[in-house]
Amino acid sequence: MNQNNFFKWLPQEIALHIFGELDIQSLCRASMTCVSWFATIRNNDSLWKPHCLAIQDVCKREVDDDRKSGYSWRDILLRNYKKSQVKLGWLSGRYSNICSPISLPESIMCPMDAETWGEILEAELRRPNHKQIS
């Protein structure tokens, strides 16, 4: 057996179990390994669902809306992953004490709707160290 092709000898269930144990970054890296891994990972929605459920804690409305619209778990993750990371940073107060917009790293910005910014503003106003603007 050619060691470079060991994957094709694995039963699909075993491969999916292995891929199912990977975090999102490792799963994406694994999908770039070869054509068969790419196809297996891309076309198996059950691999993406746990990652979507994890971002649903931060982006519940967005994930629920995408599910209602018929998006696959993979597409939902692609649509909402970066947003969930940015939103989590804002909601956790990571950017609460910025001096100016240029203090924000560009990598933390992404398009967000008015409802999301409203959630962030509400979280800021609830913070104990929030200073009222007079």
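**Close-ups of a predicted all-in-one-chain model**

T116 is buried, with a relative accessible area of 0%. That value, like everything in these legends, comes from a predicted model.

View 1. Leaving aside residues up to four places away in sequence, T116 touches R61, E62, K83 and K87. With E62 there is also a polar contact, side chain to side chain, at 3.1 Å. T116 counts as buried because its relative accessible area, 0%, is under the 20% cut-off.

**View 2. Where helix α1 meets helix α3.** Here helix α1 (residues 12–20) packs against helix α3 (residues 35–42), with the axes 11 Å apart and an angle of about 75° between them. So α1 runs roughly perpendicular to α3, since angles of 65 to 115 degrees get that label. Look for Q12, L16 and F19 on the α1 side, and for W37, T40 and I41 on the α3 side. Sorted by class, this contact has four nonpolar residues, two polar ones and no charged ones.

**View 3. Zooming back out to the chain.** How many helices and strands does the chain have? There are seven helices and zero strands, so the pattern along the sequence reads α-α-α-α-α-α-α. Of the 134 residues, 33% count as buried. Take the contacts between residues at least 6 apart in sequence: 57% of them join residues at least 24 apart.

Technical notes: Residues are numbered from 1 along each chain as its sequence is written. This is a predicted model: local features need pLDDT of at least 70, side-chain atom pairs count only at pLDDT 80 or more; totals for chains, interfaces and linings use all residues. Side-chain values use heavy atoms; hydrogens and water are left out. Helices (H or I, at least four residues) and strands (E, at least two) are DSSP runs, numbered from the N terminus. Buried means under 20% relative accessible area, exposed over 50%, partly exposed in between (1.4 Å probe, protein chains only). Contact means heavy atoms within 4.5 Å. A polar contact is a pair of N or O atoms within 3.5 Å; within protein, one must be able to donate a hydrogen and the other to accept it, and residues adjacent in sequence count only if both atoms are side-chain atoms. Axes are lines fitted to C-alpha atoms, for helices over the stretch in contact, and angles run from 0 to 180 degrees between N-to-C directions. Angles under 35 degrees count as roughly parallel, over 145 as roughly antiparallel, 65 to 115 as roughly perpendicular and the rest as oblique. Ala, Val, Leu, Ile, Met, Phe, Trp, Tyr, Cys and Pro count as nonpolar, Asp, Glu, Lys and Arg as charged, and the others, Gly among them, as polar.
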